Amino acid sequence: MKNASSGLRKLIALAISLITLTLLGGCDVNTRMSTFDTKGPVAETQYELFMITVWVSTFIFVLVGAFYLVAMFKFREKKNDTRPLPTQGHGNPLVEIGLIGASILLLVIIAVPTLRAIWYTHDIPFSEESQLGEWYQGDGLAAAEEDNVLTIRVNGYQWWWAFDYPQLGISTANEMVIPAGKVIRLELRSKDVIHSFWLPRIAGKVDLIPGRTNQMWIQAGDSFEAWQEKNNATGTDEELRAAYAQYLQDEIHNYYYGQCAEYCGDSHARMLFRSTVVGDDEFADWVSDIKQGHTTPNGMSWDDWYSTLNDSPETLSDDINQGLNLFMTRGKCATCHAVNGNPRALGVAGPNLTKVASRLSMAAGWLNHRAEDGSVDEAQQYENFFKWIKETDVVKPGNRMWKANGGGIGELDELLTDDEIRKISLYLQTLK
Ligand code: HEC
Ligand SMILES: [Cu+2]
């Protein structure tokens, strides 16, 4: 009986070890949201701090484990053991004070770099190269802002993100476009409950708290100086600049994955976001595209389009014009969504849809239509738009497009036919 149960116990222990090993095999440090594969000084500082803590903890673990094992083997009861209990070393002042001292020392070893990292990631470093006047060649920059770094206001909503660029007069949603290698200041606010901004490979995490403005800074990739130092780069200034530009191009320009990291209600797990890191010129082009917004599908002025809609709507009979019509009228879309250029689409309760068709995901990163080569998969995008409008509550339970305080599209089933949803989706696909 005794033998059978100890055999069973061994079997269970073996099974647990095997399952654990198999599960650990699933851990991959090179995933798209890995904190081990850092791309910038903030995430790197946080990674280094993490590793210090890991080493200190490992040291304690090994030491305590070793004492434990020695005690276990040396003093274990043997067959026909007649030895008395070993002497009990309870309350030895030397040992106790020594252990307290050692604990304090280890905590200090962790505390000093922790405090340094907190200050470092909070205070925006001075960087001449990052001043807007130095690198931003696009439009809309006030002279007073030339000495400042780019500021982005991150607004958390249940369950999506608005990114405002106040110095440039633009807003976007869910996909934050930023220039590579520049220090950027983030102002973090929430419109409802507490959220948390986490862009693992670049920086994380700072909470967005209602009624409060938090601040952090990020930088995708190293600064020129830091890059030079790390690579011991030598050469003429021109060569160095070219090599640095190449580094940004090859290693930093990319599409990064982020996530709300503070439980915030029904669809918290579906509150993702993305960040596209681009070069200075591409960034300036993007800003001017957003500023300019969209024209009417048939190239009329917006005033003409609206008077045609009034006087002879039958002339706006193709799918795209009808899609726009539905977007502005029965679909109620423009009450919550803004589309730059369109003077009557000014809603603010939902994401700004300017250039929404150029984004590689939608519904705060939950529906993906990024093809493998990094371009928009248009067939998938159409499907995503359609599904989102048709059954937004299924895609993201509880979301505020479906269930607003009055005015949501929850009853849309009766309002729009599948054919009308098709037209709206086709119209949305023109917003690129
Ligand atoms: C009551 C306000 C409201 C109305 C009306 C509304 N929306 Fe939305 N919409 C939202 C909100 C809020 C979100 C963000 C939902 C989320 O991701 O949690 C959203 C998200 C979207 C998105 C995804 C945008 C992105 O960047 O991920 C699209 C596209 C969209 N809506 C299209 C429409 C269309 C088309 C209509 C009309 C049929 C419409 N919306 C009507 C509030 C609204
Ligand atoms: Cu959230």
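Helix α2 (residues 41–74) packs against helix α3 (residues 93–122) at an angle of about 170 degrees, and their axes lie 10 Å apart. Helices (H or I, at least four residues) and strands (E, at least two) are DSSP runs, numbered from the N terminus. Axes are lines fitted to C-alpha atoms, for helices over the stretch in contact, and angles run from 0 to 180 degrees between N-to-C directions. The helices α2 and α3 are therefore roughly antiparallel to each other; angles under 35 degrees count as roughly parallel, over 145 as roughly antiparallel, 65 to 115 as roughly perpendicular and the rest as oblique. On the α2 side the contact is made by V42, T45, Q46, L49, I52, T53, V56 and I60, and on the α3 side by L106, I109, I110, P113, T114, A117, Y120 and T121. Two residues are in contact if their C-beta atoms, placed from the backbone, lie within 7 Å. By class, the contact of α2 with α3 holds 11 nonpolar, 5 polar and no charged residues. Ala, Val, Leu, Ile, Met, Phe, Trp, Tyr, Cys and Pro count as nonpolar, Asp, Glu, Lys and Arg as charged, and the others, Gly among them, as polar.

The model is predicted: local features need pLDDT of at least 70, side-chain atom pairs count only at pLDDT 80 or more, and totals for chains, interfaces and linings use all residues. Residues are numbered from 1 along each chain as its sequence is written, while chains are lettered from A and ligands numbered from 1 in the order in which they are written.

An open sheet of 5 strands runs in the order β3-β2-β1-β5-β8, with mixed pairing. Two strands pair if DSSP finds at least two bridges between them. The edge strands, β3 (170–173) and β8 (214–218), each pair on one side only. On average, neighbouring strands of this sheet are turned by 25 degrees against each other, direction ignored. Strand β2 (residues 160–165) runs antiparallel to β3 and is joined to β3 by 4 bridges. Within this pair, D164 stands opposite S171 in β3.

Another open sheet has 5 strands in the order β4-β10-β9-β6-β7, and its pairing is also mixed. Its edges are β4 (175–179) and β7 (203–208), each with a single partner strand, so one side of each is left without a neighbour in the sheet. Here neighbouring strands are turned by 20 degrees against each other on average, direction ignored. Strand β6 (residues 195–199) pairs with β7 in the antiparallel sense over 5 bridges, and H195 stands opposite L208 in β7. Helix α7 (residues 280–292) lies across β4 and β10 and runs at about 135 degrees to β4.

The protein chain is assigned domain 1 (30–75 + 91–279) and domain 2 (293–429); the bounds come from an automatic or database domain assignment. The C-alpha centres of the two domains lie 35 Å apart. Their contact takes 19 residues from domain 1 and 14 residues from domain 2. On the side of domain 1 that touches domain 2, β2, β3 and β10 (272–278) each supply at least two residues.

Around ligand 1 there are 33 residues, of which G331, C333, C336, G350 and M401 come nearest. A residue is near a molecule or strand if its C-beta atom, placed from the backbone, lies within 6 Å of it. The shell draws at least three residues from each of domain 1 and domain 2.
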